[in-house]
Amino acid sequence: MSKLLNVQAYCERCKKTEQIAVDLSSGDIQQHLSSHSGVYPISLTHDDHSIVVFIDGNGAARRVNYIDLVNQRMESAVSSQASIILKAALQEKIHGTMFVISQNPKFKDFIIALGQVLNNNLSFDEEFSIESTKDHVLYKIRNYSIYLGPFDSFAQSLMTKNDVFFYELSNLDLPLKKIKNRKSLFLLYNLQEMIKQGTQGKLNDFILNYKPDGIYDFRTSEDIAEAIFKALEGIYVS
Ligand SMILES: [Zn+2]
């Protein structure tokens with residue numbers, strides 16, 4: 001017996017009300033409704049965002065979440081990147097650490113998205129550890145580590161000769177002279193911010209002193225993800 005209902009769902013993002021036809025008797029929906037969550041999720045795309053409507057056993061929209069498509073750009077940038085890291089790490093082709101030297105929240109958003117993708121794509125018995133403190137985030141997959149945080153004594157204790165550095169040029173002057181044996185060094189900077197603060201002169205100094213393998217101007221977390229992806233592709237995919 002079919003149990004067709006019209007479910008009303010309101011999207012807070014664009015203030016639009018959706019009418020969704022749902023057959024509550026369908027097997028897939030019944031399975032969700034009888035599960036632990038007790039709700040059935042339906043996703044719909046609205047212009048620059050998508051919504052997920054959670055429908056309960058009475059046919060009511062219990063909750064409506066929206067996701068900006070900007071996050072999807074982040075997710076797709078991170079997914080392809082994660083697959084490259086995973087493949088190389090699982091074949092044990094790469095040893096060492098990928099350092100992301102920054103204390104900028106935009107970098108943290110990127111690292112968290114990367115950790116989620118790595119976690120979702122690794123089999124349960126794979127060695128994968130996550131360490132998160134107020135100063136840094138550290139992931140380990142077999143012989144490969146990914147570090148985000150300041151270039152402090154902890155970061156320096158992780159160094160090997162095969163490391164890849166992504167360094168955010170900010171107002172902090174860090175003891176970069178210690179980065180000598182690294183495999184590659186990439187510079188990330190937010191030119192708009194630097195001009196605002198009158199610190200753009202540091203850019204030339206850095207390039208002259210450290211001769212980075214690549215430089216990337218960023219505004220958003222997605223720019224950071226795409227820049228790091230591009231750099232890693234150049235290193236690990238040949
Ligand atoms: Zn909407």
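The radius of gyration of the chain, taken over C-alpha atoms, is 22 Å, whereas a compact globule of 238 residues would have one near 18 Å, the rule for such a globule being 2.2 Å times the number of residues to the power 0.38. This is a predicted model, in which local features need pLDDT of at least 70 and side-chain atom pairs count only at pLDDT 80 or more, while totals for chains, interfaces and linings use all residues. Residues are numbered from 1 along each chain as its sequence is written. Along its principal axes the C-alpha trace spans about 75 × 45 × 35 Å, and the domain assignment, whose bounds come from an automatic or database source, gives domain 1 (4-59) and domain 2 (71-236), with C-alpha centres that lie 38 Å apart.

The chain has 7 helices and 12 strands, which are DSSP runs numbered from the N terminus (helices H or I, at least four residues; strands E, at least two). Buried residues make up 26% of the 238 residues; a residue is buried if 20 or more other C-beta atoms, placed from the backbone, lie within 10 Å of its own, exposed if 12 or fewer, and partly exposed in between.

In soluble globular proteins, nonpolar side chains tend to be buried together. A nonpolar core is a set of buried Ala, Val, Leu, Ile, Met, Phe, Trp, Tyr and Cys residues joined through C-beta atoms within 7 Å, and in the largest one here, which has 44 residues, Val100, Phe166 and Leu188 touch the most other members. Among the elements that give two or more residues to this core are β6 (96-101), α3 (105-121) and β9 (144-149), while α7 gives the most, with 7 residues. A second, separate core of 6 residues includes Tyr40 and Val53.

Strand β9 is largely enclosed by the rest of the structure, because 6 of its 6 residues are buried. Tyr144, Ile146 and Leu148 cover one side, and Ser145, Tyr147 and Gly149 the other. Strands pair if DSSP finds at least two bridges between them: β6 and β9 do so in the parallel sense over 6 bridges, with Gly96 opposite Tyr144, whereas β8 and β9 run antiparallel and are joined by 5 bridges, Val137 having Leu148 as its bridge partner.

Helix α3 has 17 residues, which should span 24 Å at 1.5 Å a residue, and its end C-alpha atoms are 24 Å apart, which agrees; the expected span is 1.5 Å times one less than the number of residues. Its buried residues include Phe107 and Ile111.
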